[in-house]
Amino acid sequence: MSAAVLPPLAPDRTEKDAFVSYGHLSAFTLRAIEPVGPQYLSHARRALRGRTWSEDERIQAQINVKNVEEETVSEDEEPEDPVMLSRDPKDWKGQDHYKVLGLSRYRYRATDEQIRRAHRKKVLKHHPDKKAASGSIDDDGFFKCIQKAMEILSDPVKRRQFDSVDEAADVQPPSRKAKGNFYKEWGRVFESEGRFSKKHSVPKLGDASSTKEDVDYFYNFFYNFDSWRSFEYLDEDVPDDSDNRDNKRYTERKNKTARQKRKTEDTARLRKLVDDCLTLDPRVKMFKEAERMAKEQRKWEREADARKASEQAKKAKEEEGRRRKEEEERSKNERLNSKKAKESAKNAKKKNRRAVKAAVKDANYFADGVASAAVIDSTLDDVDVILEKIDDTELVDFAQKLCGSTERDALKTVFLDVIVDLISSGKAKDTDFKAIKA
């Protein structure tokens with residue numbers, strides 16, 4: 001059930017009085033109605049000034065036109081090219097839509113509101129009815145250009161297609177011999193190219209204070225640039241004749257091939273642009289020089305370490321040679337001393353053996369009177385057994401004891417003591433001795 005519209009209450013009546021007065025309408029929603037809105041203002045204006053509907057609309061339209069014209073005059077309006085005004089509207093693909101609407105200085109940066117306002121101004125200025133009213137020739141060619149420009153720029157898809165081929169928005173790179181500010185001039189170029197990026201965060205060229213990481217990221221970004229730029233705007237019109245389907249398909253394939261070719265050429269153009277900028281970038285030269293110096297520094301440090309290691313190896317080799325030489329000298333001396341010691345011990349042993357045999361001889365082989373040959377041989381055999389069984393230390397002690405005695409009995413006692421020690425130690429047997437123990 002819809003809400004009921006009730007007449008307004010008198011100033012001295014309350015909502016309770018209203019409920020009592022309109023009790024039979026209690027099922028309806030009660031709400032206050034106020035005279036507001038453009039329709040009410042239009043009604044009030046017509047009632048106060050005694051106008052009809054048509055008169056009021058005509059007068060208001062004139063006021064709106066005057067306000068728009070005053071607004072247009074107050075802004076910096078772009079001058080219109082006479083050649084542009086005489087364009088053939090059928091050649092709409094060749095026209096500059098931004099220039100037609102007076103937005104050349106904005107181009108792809110123009111907002112939807114700027115496009116809408118520019119279109120309204122151009123329509124008010126070039127409408128065929130207005131020209132006819134002013135006595136001008138009834139020519140609506142440029143007006144059709146305006147309408148086509150609005151059709152293209154108000155549609156996001158068509159506008160993007162036109163922006164893709166809008167050469168007037170491209171910033172040409174400076175020449176290699178240009179003496180201007182490198183970062184400013186090339187920065188405008190890549191700002192213009194960056195508008196085609198699918199990624200929203202497009203890096204800036206930067207300046208002389210940019211780090212190597214930022215510069216590398218910038219060039220890597222544009223070397224791997226992911227562009228949304230397309231070339232459908234330049235397609236040949238596909239015929240609408242549904243009877244000739246082969247011709248239609250042929251035209252579509254032809255357009256697709258042409259778009260791919262233009263895309264490839266545009267990619268090559270951008271890559272060459274990045275190559276040229278990279279070649280001329282003073283920061284890259286500075287980074288390369290710094291890298292070269294750092295490389296030389298590392299090389300010098302490596303060579304210094306190598307020289308130090310070589311010197312240490314040389315010293316170690318010399319030290320090893322000196323140590324080996326000393327070791328050889330020491331070994332040689334030890335061998336010499338050992339040889340001398342052995343020879344000395346050998347000589348001493350010979351001397352001691354001679355002393356033992358001389359002592360036996362001095363003791364007359366322990367015989368009374370003249371010793372017979374048999375006694376001499378038998379005694380010398382016992383002495384040989386003693387000299388064979390006794391070690392060098394015992395021999396030295398034995399010889400020293402013999403040197404201290406000159407009498408036969410004393411010498412024999414020394415011999416007998418040695419024989420007893422040999423037998424007791426198990427070095428000799430009692431049967432080994434025949435003459436001295438007899």
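Which side chain makes a polar contact with the side chain of Arg51? Hello everyone, let's find out together. Please keep in mind that we are looking at a predicted model.

The partner is Asp56, and the contact between the two side chains is 3.2 Å. Arg51 is found in the loop that runs between helix H2, residues 38-49, and helix H3, residues 53-74. Is Arg51 buried or exposed? Its relative accessible area is 19%, and the cut-off for buried is under 20%, so Arg51 counts as buried.

Now for another arginine in a loop. Arg107 sits between helix H5 (97-100) and helix H6 (112-126). Arg107 is buried too, because its relative accessibility is 6%. Have a look at the backbone here: phi of Arg107 is near 50°, which is a positive value in a residue other than glycine.

Let's move on to salt bridges. How many does a search of the whole structure find? The search gives 36. I've picked three of them for you.

The pair Asp81 and Lys99 has its closest N and O atoms 3.7 Å apart. Asp81 is in the loop between H3 and helix H4 (82-85), while Lys99 is in helix H5, so this bridge ties together parts that are 18 residues apart in sequence. Both ends are partly exposed: Asp81 has a relative accessible area of 28%, and Lys99 has 30%.

Next come Arg176 and Asp276, whose side chains meet in a salt bridge at 3.1 Å, N to O. Arg176 is in the loop between H9 and H10 and Asp276 is in helix H12, so here the parts tied together are 100 residues apart in sequence.

Asp266 and Arg269 form a salt bridge with the closest N and O atoms 2.9 Å apart. These two are three residues apart in the helix, which means about one helical turn separates them. Asp266 is buried, at 12%, and Arg269 is partly exposed, at 34%. The pair also belongs to a network of salt bridges that links Asp170, Glu193, Arg195, Arg229, Asp266 and Arg269.

Arg245, Lys248, Arg249 and Arg253 form a positive patch. Lys248 lies in helix H12, which covers residues 245-280, and counts as partly exposed at 35% relative accessibility.

Terms used: Residues are numbered from 1 along each chain as its sequence is written. This is a predicted model: local features need pLDDT of at least 70, side-chain atom pairs count only at pLDDT 80 or more; totals for chains, interfaces and linings use all residues. Side-chain values use heavy atoms; hydrogens and water are left out. Patches are made of residues with over 30% relative accessible area and no salt bridge: like charges are joined within 9 Å, nonpolar side chains (Val, Leu, Ile, Met, Phe, Trp, Tyr) within 5 Å. Accessible areas come from the Shrake-Rupley method with a 1.4 Å probe; for residues, only the protein chains shown count as cover. A salt bridge is a side-chain nitrogen of Lys or Arg within 4 Å of a carboxyl oxygen of Asp or Glu. Lys and Arg count as positive and Asp and Glu as negative; His and the chain ends are not counted. The place of a charge is taken as NZ of Lys, CZ of Arg, CG of Asp or CD of Glu. Helices (H or I, at least four residues) and strands (E, at least two) are DSSP runs, numbered from the N terminus. Buried means under 20% relative accessible area, exposed over 50%, partly exposed in between (1.4 Å probe, protein chains only). A polar contact is a pair of N or O atoms within 3.5 Å; within protein, one must be able to donate a hydrogen and the other to accept it, and residues adjacent in sequence count only if both atoms are side-chain atoms.
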